[in-house]
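Try each task before reading its solution.

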Amino acid sequence: QVRLAESGGGLVQAGGSLRLSCAASGRTFSDYHLGWFRQPPGKERTFVAAISQKGYSTRYADSVKGRFTISRDNAKNTVYLQMNSLEPEDTALYYCVADPNFSGVARAPGFWGQGTQVTVSS
């Protein structure tokens with residue numbers, strides 16, 4: 001089992017940037033593919049980005065391509081989400097996720113963090 005703890009959320013103006021971090025503990029970090037989901041107010045959780053165990057493969061939702069970048073540092077047991085050109089529509093609770101399968105991390109991750117709030121003002 002892996003435990004996930006997000007940080008880095010906050011309030012930012014439209015056009016600004018934020019970097020989310022997610023620290024993992026428990027099982028071997030590099031055993032897991034990692035990702036991010038988000039849940040806007042009153043809406044369902046949706047996939048944002050995923051990264052493979054060694055970071056060779058990434059995947060993004062169409063809505064964030066070209067603006068968000070996912071990365072990981074296996075030596076620090078941490079995954080990041082760099083968010084640029086933020087829009088009010090990016091306002092959501094952002095969750096760090098993990099799964100032993102790359103397809104699983106983008107569809108139905110087995111492990112979730114508690115979430116960190118990102119609010120983008122217009």
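**Exercise 1.** Find the hairpin formed by β7 and β8, and look for a positive phi in its turn.

*Solution.* Four residues lie between β7 and β8 in this hairpin, and Asn 77 in the turn has a positive phi of about 55°. Strands are DSSP runs (E, at least two residues), numbered from the N terminus. Next, check the pairing, for which DSSP must find at least two bridges between two strands: β7 and β8 (residues 78–83) are antiparallel over six bridges. One of the partners to locate is Tyr 80 in β8, bridged to Ser 71.

A note on the model: it is predicted, so to speak of local features pLDDT of at least 70 is needed, side-chain atom pairs count only at pLDDT 80 or more, and totals for chains, interfaces and linings use all residues. Residues are numbered from 1 along each chain as its sequence is written, and side-chain values use heavy atoms, leaving out hydrogens and water.

**Exercise 2.** Sort the side chains of β7 (residues 68–73) by face.

*Solution.* Start with Phe 68, Ile 70 and Arg 72, which point to one face and are buried (under 20% relative accessible area, 1.4 Å probe, protein chains only).

Definitions and conventions. Buried < 20%, exposed > 50% of the residue type's maximum accessible area, 1.4 Å probe, protein only.
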